[in-house]
Amino acid sequence: MDALGASVSAPTEHPFSGAAEARWVAPGRLVEASRVLREAGYFFESMTCVDRIAAHGVFELIYTFNRWEAASRVAFRVWAPATEPVPSISGVFGAANWNEREAWEFYGLAFSGHPNLTWLLLPEGTEFHPLLKSFTAPPASSYDDSLTAPPPPDDAHPPAHH
Amino acid sequence: MRTHPPTTDPLDTYTLNMGPQHPSTHGVLRLLLTLRGEEIVTAEPVIGYSHRAHEKMAENRTYAQFLPNTSRQDYLSGMIYNFAWVEAVEKMAGIPVPERALVARVILAEFNRIASHLLWIGAFLLDLGAPTPFLYCWDDREAILFLLESVTGSRLTYASGRFGGLARDLDADFPRRAREVIAKLRARWPEYDRLIEDNVIFRNRAIGVGVLTRDQCRSYGVTGPTLRGSGVPYDVRKAEPYGAYPRFEFDIPTRPEGDVFARYWVRVQEMRQSVRIIEQALDQLPGGPFLEPGSIGVKKRLKLPVGTQYYAVESARGHYGILLVSEGGAEPYRAKFRTPSYPNLAVLTEAMPGTLVADAVAILGSTDLVMPEVDR
Amino acid sequence: MNFTARVARGIKSLLVGLGVTGRHLVRPVVTLQYPHQRPDASHWGGPIELVTFPETGTHDCIACNACARICPSDCFAIEGKRPEGAKKMRATKFLIDFSTCSLCGLCVDVCPTDTLQYSRRYEDVAYRRSLTVNDLLAPFPEDPYFTGKLA
Amino acid sequence: MSALHALLAGPLGGFGATLLVGVVGIMGYLTFNVLFLIWLERKVAGHIQRRLGPMEVGPHGVLQTVADMLKLLGKQLLTPVATDRFVYLLAPLLVFLPTMCVASLIPLGRAQAFADMPYGLIIIVTLSGLTVLAIFMAGWASNNKYAVLGGMRSVAQVVAYEIPVLLAVLSVVLVAGTTNLHQLVTNPWPRLLGVPVPYGVVEPLAAVIFFIGITAETNRAPFDIPEAESELVGGFHTEYSGMRFAMFFFAEYTNMLVLGALGATLFLGGFRGPFQGAVPLLGPVYLLLKTYLVVFVMMWARWTFPRLRFDQLMSFAWKLLIPLALANLVATAVVLGVLA
């Protein structure tokens, strides 16, 4: 485990609890580090992206891994510069595929080497990243709930040919 | 089953869009199937149809205000999710919980787990084309829902957890009614075995279908009954005991085959273990307050210390994790919900190829997906 | 297991299954014939209402807006006025938009005067969203604090 | 019956009148029967599931299906844009036809069937296989993948299950020595320990195979894979709505009745029963009672079992039912030979 202890100069004011071990991992060593865990019998538990752009100009990525036998959670914390892509670990853990897509669509954080980095939960073509702290929602559309309101224009269904 | 080598030759195969409106996709899942005849070549889940941005909502609400959201992630075992959020916040804020509330939470959560499994059995058999077990399961489930309603006032989307206890106490008559419900469940089990588990058609549809290997489960982070059906005795209640669970005896039912039948069997056995837990908990139910005296409950604005915390519980579908990032404010800085259905669905891309359309329905059903939980 | 035994077991399982459903066929039904029969809703937590206190014969809402502040869905519209000579405010408008309410009960919990409670109503429906707004003061056409009957 | 027959044969002019009364009678009865069977199905399903089923329209909901039919009649008929229009519209009409023909061949009483033919049984077996053509047309013309899958499943299924049905029927024909349904019922029954018994008692295996076969041919659960709701949405009738959909529904229940009546005629003694010789009107009553018994068992099975998978359905027919039916036929022949 010490082999992956590639610590980066990251702040220490964010204590992590709920894991047997939480360590900072440099983005460049992420794939290597997760492979060590994969071979040690860990399963992919979760991946979280935290927007720390305002304070530090980075995203904090938190990967947690766990073991079935004698559960001991290992958390990887990655201090990822907002502009640089993070190496994808979807080749190591299949679960990372969807999680990375989610981080990409919600934060705009790119992952290098991802086989299919596209929208997962948001509609295809969404151009905003809603979980960014800088995101402000467009005003909610108003609705007309009166029963006599004319039906909305129905362009999607042209009249059938008879 | 597979009779030809896999191919994606466009002339040889065609695409079937299963869902998002389809009787067996349990909500709004869309499966993009590439088929050769009836054989599945590739299966790609398309999700997000019921994305309600729970994680964004969490960032804009106080810890108490987020309570009603929790049970809407997985509306079939909402109690467990509700308590998970409460416990995660309690743990991070260091709020003490009275004994009675701890045990009561276990009782309510386990009843909710049984209700969830019952609904699953019914819906799964419906997927396999047997409509009658569904109604029997609903009869049993109704008894549980009525019991839970008598405590929480709600039938499905509970918001009954409070930081430091519960919103309402279990009344004096509750243990008697709970035991009545348990007796009703017990009486029905042999019937389920005879009607479903022994049935030759069911066995043929379920045995050997949709095998998930241990390695696939590890790679995708599959948990819950789906994982235990692949022979792995992993249960958060045992692996990282929380709440009052350490004081109760129960087993983790597992089955090595990893097929649809194993997942069915595990869930059926799990209901029995839940009943075991509930009976012990009813026996040990302590008196005293149900909400810590002088506790902040929801009345005072709660602020959590700066830090990041991961908290996990065992929901009816598996490992439910809450990663909570606090910057010291009254609202979470970030809340990530690691819902069990999400990896359990992702793994199907690997489990489905080579099976038939009918099997796809069985496999999909067997993983017990709740789509709002996947989409959050 | 040899073939014949498997077939025999299969046939037996089918007959046993028929036996199970056949027995249910002749048993009494378990459903309620709604709306001719109605479920026991005595524990149901329906849309909230104001409590009528027997001592005063009216509610005790002081328009403190605690419920409006805790409400995750922003359902409330509350206004209050101080009766002449009184210390506490009295609600003059108490609307709740039930179409956005999720029945979480946080308002019931935070109410400092305990004047909010769940109703037992479970059949509230409306054809338009605007009709889902409940006026909680409707059962109290006259406020004794304003008419001087109570102080 | 005989008075009516005399009337038809005499002043009203023989063949034409028989045809008219036959068509009107059969059509009318079958329509009534469908309404009744759907109601019965919902009641059986309800009570098996500890519910009451329809209760609101009429006493115990007996008029519920009438209301449903009126609703279906009033519904807009949608034709999807890309269908093969002619075939699409023809299929729901055609699905009814073979069943009607078969219905006219079943002997109702001692006097007559509407059509009494020496080779009635063979014609029935031939005709009943034709329904699948309409189902496949519906599936194909809908231009919907679910519908095509349903149609193709249906063809494969009916082809597979025709054979055991035919073999089971043949066993009875061997015992009875006739393919005329009327004679089959009226001929002296085989005797078991000196008591005359219906063919079902001496040919129990054939009866079971026949029952399984007709369940499959009518696309009833657990063999309802052509319309497997949880897999194929609606199968071959996914794209049909309103009265066109109702036609398929009608056909399914009519088919149940007709094939049930055939089963009752072959294995349960048809219209024969106590005092039937003295009171000829009892004949149709006995036949219907026996038919509804068969239909009830089909319903009972539907609400009990899960659905088979397509390949299991096929291997069940080819690997189990057909060999069994063949063996049964050979055994029957041998026993008959020994007895003779």
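In the predicted model, the centres of domain 1 and domain 2 of chain C, taken over C-alpha atoms, are separated by 56 Å. Domain 1 of chain C covers residues 1–30 and domain 2 of chain C covers residues 41–147, the bounds being those of an automatic or database domain assignment. Residues are numbered from 1 along each chain as its sequence is written, and chains are lettered from A in the order in which they are written. Because the model is predicted, local features need pLDDT of at least 70 and side-chain atom pairs count only at pLDDT 80 or more, whereas totals for chains, interfaces and linings use all residues, and side-chain values use heavy atoms, with hydrogens and water left out.

Side chains of opposite charge can pair when their charged atoms come close. With a salt bridge taken as a side-chain nitrogen of Lys or Arg within 4 Å of a carboxyl oxygen of Asp or Glu, the count over all chains comes to 56. In chain A, E45(A) and R73(A) form one such salt bridge, in which the closest N and O atoms are 2.5 Å apart. E45(A) lies in strand β3 (residues 42–52) of chain A and R73(A) in the loop between β4 (58–67) and β5 (74–81) of chain A, so the pair ties together parts that are 28 residues apart in sequence; helices (H or I, at least four residues) and strands (E, at least two) are DSSP runs numbered from the N terminus. Both partners are buried, a term that denotes under 20% relative accessible area, with exposed meaning over 50% and partly exposed the range in between (1.4 Å probe, protein chains only): the relative accessible area of E45(A) is 2%, and that of R73(A) is 4%.

Within chain B, a salt bridge joins the side chains of E39(B) and R36(B) at 3.5 Å, N to O. E39(B) is buried at a relative accessible area of 9%, and R36(B) is likewise buried, at 12%. A further salt bridge, at 3.0 Å from N to O, is formed by the side chains of R228(B) and E314(B). Here R228(B) belongs to helix α9 (residues 225–228) of chain B and E314(B) to strand β6 (residues 307–314) of chain B, so that the pair ties together parts 86 residues apart in sequence. R228(B) is buried, with a relative accessible area of 0%, and E314(B) is buried with a relative accessibility of 0%. Both residues also belong to a network of salt bridges that links E110(B), R113(B), R228(B), D235(B), R237(B), E270(B) and E314(B).

The size of an interface is often given as the accessible area lost when the parts come together. For chain A and chain B, the buried area, which is the accessible area (1.4 Å probe) that two parts lose on being put together, summed over both, is about 3600 Å², with 54% of it on carbon and sulfur atoms. W68(A), W98(A) and L121(A) supply 23% of the area that chain A buries against chain B, more than any other three residues. The contact (heavy atoms within 4.5 Å) takes 45 residues from chain A and 42 residues from chain B.

Six salt bridges are found across the interface of chain A and chain B, and E102(A) and K336(B) meet through their side chains in a salt bridge with an N to O distance of 3.7 Å. On the side of chain A that touches chain B, β1 (16–17), β3, β4 and α3 (96–107) of chain A each supply at least two residues, and β3(A) gives the most, with eleven residues. This side of chain A has 24 nonpolar, ten polar and eleven charged residues, where Ala, Val, Leu, Ile, Met, Phe, Trp, Tyr, Cys and Pro count as nonpolar, Asp, Glu, Lys and Arg as charged, and the others, Gly among them, as polar.

Between chain B and chain C, the buried area is about 2400 Å², of which carbon and sulfur atoms give 55%, and the contact takes 30 residues from chain B and 28 residues from chain C. The count of salt bridges between chain B and chain C is two, and R162(B) forms a salt bridge with D109(C) in which the closest N and O atoms are 2.5 Å apart. The elements of chain B that give two or more residues to the side touching chain C are α2 (67–70), α5 (132–152), α6 (174–197) and α7 (200–206), with α5(B) giving the most, six residues. By class, the residues on this side of chain B divide into eleven nonpolar, six polar and 13 charged.
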